[in-house]
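Please look over the sequence and the model below before reading on. The report that follows takes up the pocket, the chain as a whole and a few backbone details.

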Amino acid sequence: MLLSRSTVVNLEVCGWTFFKHLRTCNPNNRISAKSVSTTVFNSLPHFTALTSRQKDQIHLYVDALLQWNKRMNLTAVKELDEVMERHVEDSLAILPPLRDCYRSHCGTSYEKLKLVDVGTGAGLPGIILAVACPEWDVTLLESLNKRCVFLEHAVGVTGLSNVQIVRGRAENLGQNLCLREQFDVSVARAVAEMRILAEYCLPLVRVGGLFIAPKGYDPEEEVRKAEGAIQKMGASLLQVCSVESQSPHGQRTVVVYLKDRPTPKKYPRDPGTPAKEPL
């Protein structure tokens, strides 16, 4: 059903709500990008490595995020420079370990990946990764309709054509054959602890694919507690690596898991169960 000229088609596909973004976009409806201070700009190595068009797309996304954040709770970060440092640069910092691990262990081309961002919220890191890697197919999973409406708007103003938005809970979507074990990489940022994330994310990853979890300075205890859950989901720990970060909260890490074998059909469990009863 065509909803409006804002370029959204709302389809029911395999039991979940699917927002497909079309390529057309009215430039008169775009929000102009705000400038970032020279000092902050020069301190963001991953961002400065992008092309001019990619930088413009991220500026447009950040501007939309801050504007919509005045009306709905999308992020606790309210200043432009802070969004660039804590959200954009941290999202881009995932790419080097993702690239290295995928090329070393997954045996297929890194250039065309199917990536799913589980519990994407305001589109972090999914939209940023879609901007940085336009050849990828990026799926954003989000359970709240109001956030999906923002995501559709953000995809529109940035002009992204490689993003789809799926509304639903990870527990339900992980049991859907249209999505289950269909992705090369799953990623989840600031969603839950690792035991819970494992059950949300790994059922969506194909055998031989990766699950990427950005975490804080020292996730060792969290990783240790999640060993049983990771094993039950059919995966194993591949790497815990430090990443360059401008976050005021200090050093960040990325935890990488390799999906070794299929996830048992009983996982993920019913909605709410993984959070209430972590494996």
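Helices (H or I, at least four residues) and strands (E, at least two) are runs assigned by DSSP and numbered from the N terminus. This is a predicted model, in which local features need a pLDDT of at least 70 and side-chain atom pairs count only at pLDDT 80 or more, while totals for chains, interfaces and linings use all residues. Residues are numbered from 1 along each chain as its sequence is written, and side-chain values use heavy atoms, with hydrogens and water left out.

The helix α4 gives the largest share of the lining of the largest pocket, namely three residues. Both α4 (80-92) and β8 (205-215) supply at least two residues each to that lining. A pocket here is an open set of points, on a 1 Å grid over the protein atoms alone, where a 1.4 Å probe fits and where protein lies on both sides within 12 Å along at least five of seven lines; its lining residues have an atom within 4 Å of a point. The largest pocket holds about 430 Å³ of space, the volume being what is filled by probe spheres set on the points, which are joined across faces, edges and corners. Of its 23 lining residues, L74, H87, L124, R189 and A190 lie nearest the centre. By class, the lining has nine nonpolar residues (Ala, Val, Leu, Ile, Met, Phe, Trp, Tyr, Cys or Pro), six charged ones (Asp, Glu, Lys or Arg) and eight polar ones (the others, Gly among them).

The secondary structure of the chain consists of twelve helices and ten strands. Of the 279 residues in the chain, 54% are buried, that is, under 20% relative accessible area with a 1.4 Å probe and protein chains only, whereas exposed means over 50% and partly exposed lies in between.

Some backbone details deserve a separate look. Most residues other than glycine have a negative phi, and most peptide bonds are trans.

| Cis peptide bond | Omega |
|---|---|
| L124 to P125 | near 10° |
| Y267 to P268 | near -5° |

P125 sits in the loop between β4 (114-118) and α6 (126-132), and P268 in the loop between β10 (252-259) and α12 (273-276). E181, although not a glycine, has a positive phi of about 55°; this residue is placed in the loop between α8 (170-173) and β7 (183-187). With a relative accessibility of 23%, E181 counts as partly exposed.
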